[in-house]
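Good morning, and thank you for joining.

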Amino acid sequence: CEIVDLWTDYGRFPFNKLVPHYQWAAKNTWSWWPVYYAGEFGFGRWVLANLQYWLCQDKIRAYFKAFDPDMIVSVHPLC
């Protein structure tokens, strides 16, 4: 059994810094407004999805090929 944080361990910047950014945002609640509205509309979602894909897909895909997990459990409500 192995527990992996794909974004922290295999993502590239800025996605590999999601945990400290989230911790900062939890203390600075005003910061949720621009993030929420940036992802609310199609263009913002499109930009974020494409950044995630082009910056991170190769390392995450390599992880799954190397470790070939039998099961994947996500504990994040958006995954």
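How far apart are the mean positions of the positive and negative charges of the protein chain? The mean positions of the 7 positive and 7 negative charges are 9 Å apart. Here Lys and Arg count as positive and Asp and Glu as negative, while His and the chain ends are not counted. Each charge is placed at NZ of Lys, CZ of Arg, CG of Asp or CD of Glu.

A word on the basis of these values. This is a predicted model, in which local features need pLDDT of at least 70 and side-chain atom pairs count only at pLDDT 80 or more, whereas totals for chains, interfaces and linings use all residues. Residues are numbered from 1 along each chain as its sequence is written, and side-chain values use heavy atoms, with hydrogens and water left out.

Next, the overall architecture. The protein chain has four helices and zero strands; these are DSSP runs numbered from the N terminus, helices being H or I of at least four residues and strands E of at least two. The C-alpha atoms fill a box of roughly 40 × 25 × 20 Å along the principal axes. Of the 79 residues, 9% are buried, where buried means under 20% relative accessible area, exposed over 50%, and partly exposed in between, with a 1.4 Å probe and protein chains only.

Let us turn to a helix pair. The axes of helix α3 (residues 32-40) and helix α4 (residues 42-67) come within 5 Å and cross at roughly 95°. The axes are lines fitted to C-alpha atoms over the stretch in contact, with angles from 0 to 180 degrees between N-to-C directions. The two helices, α3 and α4, are therefore roughly perpendicular to each other, a term that covers 65 to 115 degrees. Ala38, Gly39 and Glu40 of α3 meet Gly42, Gly44 and Arg45 of α4, contact meaning heavy atoms within 4.5 Å.

Valine 19 lies in helix α2 (residues 18-27). At 38% relative accessibility, valine 19 counts as partly exposed. Leaving aside residues up to four places away in sequence, valine 19 touches Asp5 and Thr8.

Finally, the backbone. Most residues other than glycine have a negative phi, and most peptide bonds are trans. Phenylalanine 13 and proline 14 are joined by a cis peptide bond, with omega about 5°; proline 14 sits in the loop between α1 (6-10) and α2. Aspartate 68, in the segment after α4, has a positive phi of about 40° although it is not a glycine. Aspartate 68 is exposed, with a relative accessible area of 59%.

Terms used
Angles under 35 degrees count as roughly parallel, over 145 as roughly antiparallel, 65 to 115 as roughly perpendicular and the rest as oblique.
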